[in-house]
Amino acid sequence: MKLAGKTDIGSCRKENQDNYRAARLPDDTVWAVVCDGMGGAAAGELASRIATDTLENCFEAGLRGLQKGQEQAFLKHCITQANLAIYREAAADASLRGMGTTAVCCLLRENTLHVVHVGDSRAYLCRNDQITQLTRDHSRVQELVEAGRMTKEEAEASPERNLITRALGVEPGVLVDYSAFPVQEGDVILLCSDGLSGVVQDKQLLAIVQHNPFFSVPRRLVDQALKAGGQDNITALLIGVEKTED
């Protein structure tokens with residue numbers, strides 16, 4: 001397995017509230033997470049950092065003994081722990097009330113990709129000449145699209161496209177979506193914040209993945225988002241599916 005990531009503050013923000021983390025274990029198990037924080041002052045950055053720190057600790061503590069078939073419960077437990085950590089931090093400091101973060105988190109082991117997410121940070125699968133969005137945005141415009149009250153094109157241009165309906169840390173409990181997908185050698189998994197997916201079309205994402213060396217792809221994706229306007233924080237994290245020799 002290969003890992004490559006890049007985050008950028010974007011062209012208009014005063015701080016980068018995105019965070020990402022990833023690791024590969026000796027047995028080629030890989031975990032990865034992207035979080036996009038929200039909240040005034042530095043609260044969004046704090047929320048996303050708490051989430052990534054908590055998730056990393058959960059993976060380090062629980063992965064080595066994880067049995068096949070336990071992945072869904074384990075990932076939901078990890079996300080729940082991250083949610084509680086943020087919520088408790090905010091409850092202890094009035095200036096942090098309402099802070100939260102999106103999270104898209106994946107675990108890749110034994111040719112299966114397990115994905116959990118909250119919010120509108122996304123996971124994509126790039127295979128051959130196709131790109132597939134693996135996650136469903138938890139956002140107001142996505143609900144309108146699914147209700148037939150807005151087209152996908154209208155949603156992409158809507159001023160409400162950044163209004164999310166779920167986030168980590170804003171409530172003591174959180175509803176988490178889980179899905180699993182078979183993967184094969186040559187696949188590339190992309191995790192990203194909406195600072196990338198909101199300004200770069202899927203076909204452009206695929207073209208950059210296909211036509212650039214793997215370890216330069218995150219930088220190329222960030223550059224494309226900046227070229228397209230890139231006002232928000234931008235994060236791209238890639239997993240390349242291949243057998244790795246240490």
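## Reading cores, strands and cysteines

Biologist: Leaving aside its neighbours within four places in sequence, which residues is L168 in contact with?

Modeller: Contact means heavy atoms within 4.5 Å, and by that rule L168 is in contact with A51, I79, A82, N83, I86, M99, G100, T101, A103, V118 and V174, once its neighbours within four places in sequence are set aside. Please keep in mind that this is a predicted model, in which local features need pLDDT of at least 70 and side-chain atom pairs count only at pLDDT 80 or more, while totals for chains, interfaces and linings use all residues. Residues are numbered from 1 along each chain as its sequence is written, and side-chain values use heavy atoms, with hydrogens and water left out.

Biologist: Which residues touch the most other members of the largest nonpolar core?

Modeller: In soluble globular proteins, nonpolar side chains tend to be buried together. A nonpolar core is here a set of buried Ala, Val, Leu, Ile, Met, Phe, Trp, Tyr and Cys residues joined through side-chain atoms within 4.5 Å, where buried means under 20% relative accessible area, exposed over 50% and partly exposed in between, with a 1.4 Å probe and protein chains only. The largest core has 30 residues, and F59, L63, I79, M99 and L168 touch the most other members. Strand 3, helix 1 (43–62), helix 2 (71–91), strand 5 (103–109) and strand 6 (112–118) each supply at least two residues, with helices (H or I, at least four residues) and strands (E, at least two) being DSSP runs numbered from the N terminus. Helix 1 gives the most to this core, namely eight residues, and a second, separate core of 21 residues includes V188, F214, L221 and I234.

Biologist: In what order do the five strands of the open sheet lie?

Modeller: Two strands pair if DSSP finds at least two bridges between them, and the order that results is 1-11-10-7-8, with antiparallel pairing. Strand 1 (2–8) and strand 8 (130–133) stand at the edges with a single partner strand each, so one side of each has no neighbour in the sheet. Strand 7 (residues 122–127) is joined to strand 8 by four bridges, and Y124 stands opposite Q133 in strand 8.

Biologist: Why does I234 count as buried?

Modeller: I234 counts as buried because its relative accessibility is 0%. I234 is found in strand 11 (residues 234–240), and although I234 and S193 are 41 residues apart in sequence, they are 6.2 Å apart in space, C-alpha to C-alpha.

Biologist: Which residues of helix 7 are buried?

Modeller: In helix 7 (residues 217–227) these are V217, P218, L221, V222 and A225. They lie on the same side of helix 7, because they cover an arc of only 135 degrees around the axis, the arc being that of the directions from the helix axis to the C-beta atoms. The buried residues of helix 7 pack against strand 1, strand 10, helix 5 (194–197), helix 6 and strand 11.

Biologist: How many disulfides does the structure hold?

Modeller: A disulfide is a covalent bond between the sulfur atoms of two cysteines. Here a disulfide is counted as a pair of cysteine sulfur atoms within 2.5 Å, and the structure holds zero of them. The closest cysteine sulfur to that of C105 is in C106, 6.6 Å away, which is too far for a bond. C105 is buried, with a relative accessible area of 0%, and C106 is likewise buried at 0%.
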